[in-house]
Amino acid sequence: MTMSKVVGKPLRRVDARAKVTGAAQYAADARVPGAAHGFLVMSTVARGRISRIDVRAAEAAPGVLAVLTHRTMPRLRTPPGEVPYFKSFVPLQDDRIHHAGQPVALVVAGTLEQAQEAATLVEVRYDSERPRAALLDALDEAYVPPDSHDEPSEYTRGDVAAGREQAEVTVDVTYTTVTQHHNPMEPSVTLAVWDGADLTVHESAQGIGFTRSTLAEALDVPPRNVRVLSPYLGGGFGGKGPVWPHTLLTAAAAREVGRPVKLVLSRAHTYSSTGHRAETHQRLALGARRDGRLTFAEHTTTEQVSRTEQSLHAANKATRLLYGIPNLRTVQRAVRLDLPTGSFMRSPEATTSHVLECALDELSCELGVDPVELRLRNDTRVDLVTGEPFGSRYLAECFRRGAELFGWDRRDPEPRSMRDEDGLVGWGVAAAAHTGGGFPGGAARVTLSEDGTALVQSGTQDIGTGTYTVMTQVSADGLGVPTDAVRFELGDTRFPGAPLSAGSATVPCTVPGVFAACATARDTVVGMAVRDPESPLHGRDPGRITVRDGRLFVTGDPGRYDTYRAVVRRHGEPVVVNSPPQDSFSGYSTGAVFAEVCVHPRLGTVRVRRVTGVFDPGTVLNHRTARSQAIGGAIWNIGFTLTEHTLIDAHAGRVVNPNLSGYLVPVNADVPRVEVEFIDKPDPTSPALNARGFGETPSTGVTAALANAVYHATGRRIRELPLTPDKLL
């Protein structure tokens, strides 16, 4: 056995020095001799056909190697039907235009500047049609698509009509959320290198294994011939989870020109090339008895999809799972518009949970029941979808502890009753909740060297959340060595496979494989020691051997020991252990978020003063990185609630603010003190050392807590995000 000393501690990031010194190599940093540069030419219309495209001037420009269009781009294969994370539409395969900003040509040149200059010389004419780009103008075209991503488009339990009759108080409200974009610091990058039939791709990817299989499918090569590298990611937020067309086009272009090709999307290009959080229109009816017990809910979400795909991402999971609602119906509808394909964006469940938590606040006002108390009265220990108890669930404890930290008992419930010299003060609360995991489990490889150190490898990704660090801790505890004796490597498809870093899946789906590989390696060395006549442990019972700090000793007798270094040296070569994929886990992490805002009574400006969050992610593997995720979620959702809005010209179907000067994200001056605590109690059903997926949980709850606080401050209920000053004047 090992004696755990590291998991749970706030270990500093093991990759911190590499990042702050510039030693960390991102996809665009890879040095490949002879690499050419690609640049995309984008459609200026949103719907129609290309009637004429003239590339002669571009081809004659200095340094240009090729200008690939729908006539000259090699044909790329896509799987039949819609496959999660695979974008079934690939441009430059025909003359159809499905949205503004769709690639119509790919220029490849010796330098980036040459490619950009030549792109301006491509002349394109269109037979254009008037696009449909506004969701609210097309609600009459809404339909219920097939289930997607294991999400039911329609779900019913109990008897909604009977529940409505039992309700003594009801609210029936309509909320809308706008289109938003990911905007990671690192735009998407592909650097494709062919060596005969072998392809190496340096990619900013949240799923290197999925990227490999997608490239193999599209390019008609065996997966074993494709290697994908992504050791560092400058943010993804879901936008680098799917394999987008630019990756496939770059690889095809590199094969076509016979040289490596690097393509880095411009900031503007990301607004039409890597997905977005789709606009939604939601109607939610809630009913309760006078004592606050919910009797029914009916939640219909309508979401924008594209002409080429109909996958939905704004899942109604919170309405189905978060509270004990006995009679429930949820419906998810789609409206096809002439816009790019929507996708996962950090916590896709945030839009629907926002509406649920705001509607509960409205119901609490109608009932005259405190918002925290209303949620406590409807807490459930049972997953009403499956009928099985949750492995562990401490949402009530989160609310009680959060209320204590925040000082909720000092809140005057009357709207507009709290103010100070700066304006109207409001306090709001909401639950945070997100599913995590559910992908197939990952595998790992351990190599124990003769110097006593361990190399642990798994084909997972670190998207900035701290995977390098947490997996180092897990490996150290599995082996029974200090963390400085472990080097964890990821981001290479030559390593044992692991799932996407999306859906809060890295911990629940990759930790079991890493820990199992390390435990197997530990047991292997223990077995070698007890069989070795030269070992002080020769002949001892392996079941009584404890491993701590790299030492192997009989439990209760630490003075008689062997070491990893000595055992492996006597063995004469490194010990290599491969662990097959382990059982994965899908859990439901929850929390409670409290927020205070100050609203200027004449200007309508909203300042967030403080946010308090208490969360239940099961066992906390690293308090430092988990806290960082919670703070990041709060910052992310200040933008979601108050400023972020992708503006689309309804007549042209074009994004009019595809940059960070017009798309407003929070800056340091917008961010208040964020207080974070964890319940930190194990989930006994989780094979991931009793931890659940957590990364996206803090990106829920905050929007509703802020919106509810704004209502409390002003007495005005704004049912549209973002909450901009014009709506409060």
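## Starting with contact

Contact here means heavy atoms within 4.5 Å. Keep that in mind for leucine 322, which, leaving out residues up to four places away in sequence, touches Lys317, Leu356, Glu357, Thr380, Arg393, Leu395, Ala431, Ala433, Tyr588 and Thr590. One thing to know before going on: this is a predicted model.

## Helix α16 and its partners

Let's move on to helix α16, which spans residues 702-714. How do α15 and α16 cross? Helix α15 covers residues 623-642, and its axis comes within 8 Å of the α16 axis, at a crossing angle of roughly 55°. That angle makes α15 oblique to α16, and the crossing is right-handed. On the α15 side, the residues that meet α16 are Gly633, Ala634, Asn637, Ile638, Phe640 and Thr641, and on the α16 side they are Val702, Thr703, Leu706 and Ala707. Sort the residues of this contact by class and you get six nonpolar, four polar and no charged.

Helix α9 (350-367) packs against α16 as well, with the axes 8 Å apart and an angle of about 35°. Here, too, the crossing is right-handed. From α9 come His354, Glu357, Cys358, Asp361 and Cys365, while α16 brings Thr703, Ala704, Ala707, Asn708 and Tyr711. The class count for this contact is five nonpolar, three polar and two charged residues.

## Glutamate 362 on α9

Staying with α9, have a look at glutamate 362, which lies in this helix. Is glutamate 362 buried or exposed? The cut-off for buried is under 20% relative accessible area, so at 10% glutamate 362 counts as buried. Setting aside neighbours within four places in sequence, glutamate 362 is in contact with Val171, Val173, Tyr175, Arg717 and Arg719. Glycine 428 sits 66 residues away from glutamate 362 along the chain, and the C-alpha atoms of the two are separated by 12 Å.

Aspartate 683 is buried, with a relative accessible area of 2%. Not counting residues up to four places away in sequence, its contacts are Gly391, Ser392, Phe585, Gly618, Thr619, Asn690 and Arg692.

One of those contacts, Asn690, is found in the loop between β29 and α16 as well. Asparagine 690 isn't a glycine, yet it has a positive phi of about 70°. At a relative accessible area of 27%, asparagine 690 is partly exposed.

You'll find serine 347 in the loop between β15 (328-336) and α9. Its relative accessibility is 0%, so serine 347 counts as buried.

Proline 722 belongs to the loop between α16 and α17 (725-728).

Key
Residues numbered from 1 in each chain as written. Predicted model: local features only at pLDDT ≥ 70, side-chain atom pairs only at ≥ 80, totals over all residues. Heavy atoms only, no water. Helix = DSSP H or I, 4+ residues; strand = E, 2+ residues; numbered from the N terminus. Buried < 20%, exposed > 50% of the residue type's maximum accessible area, 1.4 Å probe, protein only. Axes fitted to C-alpha atoms, helices over the stretch in contact; angles between N-to-C directions. Parallel < 35°, antiparallel > 145°, perpendicular 65-115°, else oblique. Left-handed = near helix turned anticlockwise from the far one by under 90°. Nonpolar A, V, L, I, M, F, W, Y, C, P; charged D, E, K, R; others polar.
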